[in-house]
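Let's take a walk through this model. Keep the 3D view open as you read.

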Amino acid sequence: MKIIQITDTHLMPRGTELHGLNPCERLEACIASIKEFHADAEMCIITGDLTDRGHRKAYHDFREILQQLPMPYHPLIGNHDHREIFSEVFPEVPRDEHGFVQQMLATEQGRFLLLDTVEHEKHWGSYCQKREIWLRGQLEGAGSEAVYLFMHHPPFNIGIPALDRISLREDSKRIQKIVSDFSNIKHLFFGHVHRPISGSWHGIPFTTLRGTNHQVQLDLNAEDYLPYSHEPPAYCVIFLEPQQTTVHFNDYLDDSLYMKMPLTLT
Ligand SMILES: [Fe+2]
């Protein structure tokens, strides 16, 4: 199964720049690349910070641009999003019984659980008891099926102090406690940190990637400022199989020299 992950698109209303870049144009270039090279992917998941300031117009622009994708797409929300305005523009995206933008996608490779880690008007995230009940129910319902988690905030620190201050903080322990009760979680995909990172957490492999607009520099001394940069944007091409997960990072605006060299096998 082939899927695409995009994250942190941070759209501003069309024509408005953000940190010296044009988020709509950069997302359009991302979609154009996916259409050209990965139109056979089964779905695209966008892991939050869809807009930078929760503007209604920016959500409409986001919808208009994403509709150009040839495959279904599933957005979840991040700390820069506005839950209610998002739902006004995306009324078809399910919410759980408490109104959180959480949903389960049943796929041939198992259950995809898309989580809502947003604390309204805060940059740090939360995962409260109400959301915990939903997640536990989904994990119990999965039985022996494989589960893939998608969320905006990582449930752990990544070592860049300024980002760790806007993580899930205390609620990281809540998520860790939940997942430790299950052994069928195959991978965790998240956004928020605007950097390519992979590793494992309590035995669960994870990856994240750069956003489509601005990035976060690898500045491990960043305590009281966010080290934003213009490193190249990316999207991920992900292959899911029962015994293997493969994640490719595609710097879709990179125009460095590309050569097709003859392959010699002997
Ligand atoms: Fe972001």
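Predicted model: local features only at pLDDT ≥ 70, side-chain atom pairs only at ≥ 80, totals over all residues.

Residues are numbered from 1 along each chain as its sequence is written, and side-chain values use heavy atoms, with hydrogens and water left out.

Start at the iron ion, which is coordinated by Asp8 (OD), His10 (NE2), Asp49 (OD) and His194 (NE2) at 2.0 to 2.2 Å. Donors here are N, O and S atoms within 2.8 Å of the metal (3.2 Å for Na, K and Ca), and since water is not among the atoms, sites may look incomplete. In sequence, the donor residues of the iron ion follow the spacing D-x1-H-x38-D-x144-H. Asp49 sits in the loop between strand 2 (43–47) and helix 2 (56–66), and His194 in the loop between strand 7 (185–190) and strand 8 (197–201), so this pair ties together parts 145 residues apart in sequence. Helices (H or I, at least four residues) and strands (E, at least two) are DSSP runs, numbered from the N terminus.

Now for the packing. Two packed helices are described by the angle between their axes and the distance between the axes. The axes of helix 1 (residues 23–37) and helix 2 come within 10 Å and cross at roughly 20°. That makes helix 1 roughly parallel to helix 2, a label for angles under 35 degrees. Axes are lines fitted to C-alpha atoms, for helices over the stretch in contact, with angles running from 0 to 180 degrees between N-to-C directions. Who touches whom? Cys24, Leu27, Glu28 and Ile31 in helix 1 meet Asp61, Phe62, Ile65 and Leu66 in helix 2, where contact means heavy atoms within 4.5 Å.

Further along, helix 4 (residues 129–142) and helix 6 (residues 171–179) pack at about 20°, with their axes 10 Å apart. That makes helix 4 roughly parallel to helix 6. Gln129, Glu132, Leu135, Arg136 and Leu139 in helix 4 meet Arg174, Lys177 and Ile178 in helix 6.

Definitions and conventions. Parallel < 35°, antiparallel > 145°, perpendicular 65-115°, else oblique.
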